[in-house]
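Q: Hi, I'm new to this one. Can you walk me through it, bit by bit?

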Amino acid sequence: MEIIDAHIHSLPCGIMCGGSVDVTYDKVIEGMEEQRIKRGIFVPINDISWQPVDEMNDYMVEVINKNKNIVGFIDIDISKMHFYNGIINLENNIKKLVKLGLKGIKVHPQNLGVNGDDWRLMPIYRLAGELNIPVMIHCHPGSCPGTIDNSNPKYLEKMVRVFHKTKFIISHFGGVLYFDYMPWLNHENVYFECSGILEALKKHYSLDKIRAIFEEIGYEKLFFGSDFPVVDLNAQIEIFKELVPLKFHEDVFSKNILKFGEEFGWWK
């Protein structure tokens, strides 16, 4: 069975988590190969205090040019959108990056220090629909620079409906705090991936409860994602196999995301 990872980190600065995690390209590819994973999505972090955005996007273009098995997502900096022509400048930069081969946008409200319905994010949601690329939104309480509430799905509930022409991928299933809220985001244009929170879900929820949420959303809307190398990749795989009924394994580990990605020219 093929496994495609919908949420992998590799940064040009080479480190994450205060320097404790090696996210250099060679190290990440080596870890993927150990689990026989060839295809995946590299996602940025939207934290300009840690990783400059332009450097991140240049790196992502370099990665996808040397490895056709990797889909690269766009990093964003919304700190200058209030400037004269700030929105237009960001839109033009996104259009340029799409022409260079990046095929999605990552939005991390907590790292950006805003809520998911912030006015500065709305042009990004709109433009993604116009360019026919998906938006991946972080939905899981994490660390600074923002606050826990920035990751609250209540700020996304109207956004995914207003921007119904845009496809959204909700990352981390909301984490333990917001897992129960995920069915309220489950509209036609919304999909979900499980990165980084499977061990916590298993600890805090019963198997029946987890599967009830999965079934309410629909297994056809779920993608496997790990958050590797921040977490143990093998552990994420094995726990997801345990939580998802066997008959849906091929769907959640590869078939769903391959079908989803056809619309956006992933892995052609």
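Q: Let's start with one residue. Leaving aside neighbours within four places in sequence, what is histidine 9 in contact with?
A: This is a predicted model. In it, histidine 9 is in contact with Met16, Val23, Val28, Val43, Pro44, Ile45, Lys106, Asp227, Phe228, Pro229 and Val230, once neighbours within four places in sequence are left aside.

Q: Buried or exposed, that histidine 9?
A: Histidine 9 is buried. Its relative accessible area is 4%, and the cut-off for buried is under 20%.

Q: Where does histidine 9 lie?
A: Histidine 9 lies in a loop. That loop runs between E1 and strand E2 (15-16).

Q: How many residues apart in sequence are histidine 9 and aspartate 22, and what about space?
A: They are 13 residues apart in sequence. In space, the C-alpha to C-alpha distance is 9.8 Å.

Q: You mentioned E1. Which sheet order does E1 belong to?
A: E1 is in an open sheet of three strands, ordered E1-E4-E5. The pairing is parallel.

Q: Which strands stand at the edges?
A: Strand E1 (5-8) and strand E5 (70-72) do. Each has a single partner strand, so one side of each has no neighbour in the sheet.

Q: How many bridges do E1 and E4 pair over?
A: Two bridges join E1 and strand E4 (residues 40-42), in the parallel sense.

Q: New topic: helix H5. Which of its residues are buried?
A: In helix H5 (residues 122-131), the buried ones are Pro123, Ile124, Tyr125, Leu127 and Ala128.

Q: What follows H5?
A: Asparagine 132 does. Its phi is positive, near 55°.

Q: Now the pockets. What volume has the largest pocket?
A: About 440 Å³. The lining has 20 residues. Nearest the centre lie Met16, Ile45, His108, Asn111 and Ser143.

Q: How do the residues of that lining divide?
A: The largest pocket's lining has seven nonpolar, ten polar and three charged residues.

Q: And how much space lies in the second largest pocket?
A: About 270 Å³. Among its lining residues are Val53, Asp54, Lys80, Met81, Phe83 and Asn93. Helix H2 (53-66) and H3 are the elements that give two or more residues to this lining.

Q: What lines the largest cavity?
A: Its lining is Pro109, Gly116, Ile137, His138, Asn150, Ser151, Asn152, Pro153, Tyr155 and Leu156. Five of these are nonpolar, five are polar and none is charged.

Definitions and conventions: Residues are numbered from 1 along each chain as its sequence is written. This is a predicted model: local features need pLDDT of at least 70, side-chain atom pairs count only at pLDDT 80 or more; totals for chains, interfaces and linings use all residues. Side-chain values use heavy atoms; hydrogens and water are left out. Two strands pair if DSSP finds at least two bridges between them. Helices (H or I, at least four residues) and strands (E, at least two) are DSSP runs, numbered from the N terminus. Buried means under 20% relative accessible area, exposed over 50%, partly exposed in between (1.4 Å probe, protein chains only). On a 1 Å grid over the protein atoms alone, a cavity is a set of points where a 1.4 Å probe fits but cannot get out, and a pocket is an open set with protein on both sides within 12 Å along at least five of seven lines; lining residues have an atom within 4 Å of a point. Grid points are joined across faces, edges and corners, and a volume is the space filled by probe spheres set on the points. Ala, Val, Leu, Ile, Met, Phe, Trp, Tyr, Cys and Pro count as nonpolar, Asp, Glu, Lys and Arg as charged, and the others, Gly among them, as polar. Contact means heavy atoms within 4.5 Å.
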